[in-house]
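Hi,

Here is the structure I promised to pass on. Have a look at it first, and my notes on what turned up follow below.

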Amino acid sequence: MTVRAFRLLRTLATLATLSVPAVAAAGTLDTVRQRGTLQCGVSQGLPGFSDRNAQGEWSGFDVDFCKALAAAIFDDPAKVTYVPLSAAERFDALKAGRIDVLSRNSTWTLEREAKLGLLFAGITYHDGQGFLVMRRPNITSALELTGAKICVQTGTSGEPNVVDFFRANSMQMEIKAYPTAAEALAALAGGACDVLTNDQSGLYAMRLQLPKPGDALILPDIISKEPLGPVVRNDDLVWFNAVKWVGHALVNAEELGISRATVAEALASTKPAVRRFTGAEGDLGRDLGLDNAWAIRSVRAVGNYAEVYERNVGANSRLGIPRGLNQLWTMGGILYAPPLR
C-alpha cells in the first residue's frame, strides 16, 4: 500500500469515527417512545412556572410545555416524568441524559450553546432581570441601590448581569450568593441583604413565598435580556426540531384563533392554514417524526400560548404578570413564530 493510499484510508476511518456519536445519539424521540414517558427537567418549585402541590401534581408555564410535548408524541399529556433540578445542576443533567428536555426558566445565551453543547429550542418567554426590595427604605429605582447588598442565586446569569449593571452606572454593591432561590429569598426576608435579583418573572413568583408579599416591591428597572426557552442536547436534530415546533405551534394556534374551546371548530375548518395545523392537509407531522395531528393534540392538552400564559402567570393568575413583550407581534408584543407550512 502506498503512503498516499494509507493516509486516505486513515482519514476516512477518522471521519467515520467522528460521525458515530452523532448517529448513536440521534434517537431521542425513539427512546422517549420506547420508554413510554417524557423525562422533563423542571425547577425545584417556582410558582407559576413549575410547582408541585400536596398531591404531587405538577403545574405551571414550563410544566405545560412538557405536557404539550408529551401530547404531540403520545396523545397523552400525562406521560411525563418530572425531574426537579437546581439551577447549578440543570445543564449537567441534560448533558448526562438524565432528562430528554429542560423546561426550567433558562436563559438562552451563546456560551450555553457553544460551550456546553446544548441547543435552545426557541423562546417561550421574553424576560429580563430585575430587583425585588423590601419596602424599607422606600426605594423606587435600581439607580438608588448604590452600596446595597445584593442576594443572587448561584449557577444563574444573574450575578454577571448585576455586576455589569453596577459597573456601568459607577455604583458600589456587595454580592451575596446562595445555592438556591429559596435561600436567597430567605436572606432577603431576614435582612441579610437589601435586594434580591432574578428574572422578573421569577421575582413575581418568589414574592408570593414571603410571609407578607405586600411588604416587597418589584422595581420597574430591567437590566438585561433574558430569553427563556426549552433546551436539548445538540446531538439530535430530529428531536431538536420536534421540541422547537411544539413551542411554535402554541403561538401559531393563538394567531389562528385555535384554542381548547375551538378544537372541534378547527378540525372542521376549510381555511388552508388551519387545515395544515390540524393535519387535515399536508404532511408536516411526518417531517418532524410525528403524525400529522401533533399540533392540534398539543392545543387540546394545554391550550394555545395565551391560555398557557394567562392560566399560569397572567394578569388574573396569582402572579399577575402583564403579558408585555409576550404579546403577539400583531398586538404590540414581540412574540412571533414561523408559520406551519
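A disulfide here is a pair of cysteine sulfur atoms within 2.5 Å. Before the details, please keep in mind that this is a predicted model, with local features needing pLDDT of at least 70 and side-chain atom pairs counting only at pLDDT 80 or more, while totals for chains, interfaces and linings use all residues. Residues are numbered from 1 along each chain as its sequence is written, and side-chain values use heavy atoms, with hydrogens and water left out.

Disulfides

How many disulfides does the structure hold? There are 2, and with bonded cysteines counted along the chain their pattern is 1-2, 3-4.

Take Cys40 and Cys66 to begin with: their sulfur atoms sit 2.0 Å apart in a disulfide. The torsion about that S-S bond is -55°, a left-handed link. Cys40 belongs to strand β1 (residues 38-42) and Cys66 to helix α3, so the bond ties together parts 26 residues apart in sequence. Helices (H or I, at least four residues) and strands (E, at least two) are DSSP runs, numbered from the N terminus. Cys40 counts as buried because its relative accessibility is 0%, and Cys66 is buried at 0% as well. For that word, the cut-offs are under 20% relative accessible area for buried, over 50% for exposed and partly exposed in between, using a 1.4 Å probe and protein chains only.

The other disulfide joins Cys151 to Cys193, S to S 1.9 Å. Its torsion is about -105°, so this disulfide is left-handed. Cys151 is in strand β9 (residues 148-153), while Cys193 is in the loop between α7 (181-190) and β11 (195-199), so the pair ties together parts that are 42 residues apart in sequence. Both Cys151 and Cys193 are buried.

Domains and cores

The chain splits into domain 1 (28-126 + 228-331) and domain 2 (128-225); those bounds come from an automatic or database domain assignment. Taken over C-alpha atoms, the centres of domain 1 and domain 2 are 29 Å apart. Their contact takes 18 residues from domain 1 and 14 residues from domain 2, where contact means heavy atoms within 4.5 Å.

Next, the nonpolar cores, meaning sets of buried Ala, Val, Leu, Ile, Met, Phe, Trp, Tyr and Cys residues joined through side-chain atoms within 4.5 Å. The largest has 75 residues, and the members touching the most others are Leu69, Tyr125, Leu196, Trp239, Phe277 and Trp294. Which helix gives the most to this core? That would be α3 (residues 61-74), with 11 residues. At least three residues of this core come from each of domain 1 and domain 2. A second, separate core has 14 residues, including Ile139, Ala142, Leu145 and Val162.

Setting aside neighbours within four places in sequence, Trp294 is in contact with Ala72, Trp245, Val246, Ala249, Leu284, Gly285, Leu288 and Leu340.

Aromatic pairs

The whole structure has 12 aromatic pairs. Rings of Phe, Tyr and Trp (its six-membered ring) pair if their centres lie within 6.5 Å, and planes under 30 degrees apart count as stacked, over 60 as edge-to-face and the rest as tilted.

In one of these pairs, the rings of Phe61 and Tyr305 have centres 5.9 Å apart and planes at 85°, so the pair is edge-to-face. Phe61 lies in helix α3 and Tyr305 in helix α14 (residues 305-312), so parts 244 residues apart in sequence are tied together. Phe61 is buried at 5% relative accessibility, and Tyr305 is buried with a relative accessible area of 4%.

Phe61 also pairs with Tyr309: the ring centres are 6.4 Å apart and the planes are at 85°, so this pair is edge-to-face. Here Phe61 in helix α3 and Tyr309 in helix α14 are 248 residues apart, and both are buried. One aromatic cluster takes in Phe49, Phe61, Tyr125, Tyr305 and Tyr309.

A serine in a loop

Last, Ser106, found in the loop between β5 (101-102) and α5 (110-114). Is Ser106 buried or exposed? Ser106 is buried, because its relative accessible area is 1%. Beyond its neighbours within four places in sequence, Ser106 is in contact with residues including Arg90, Phe91, Arg112 and Phe120.

Cheers
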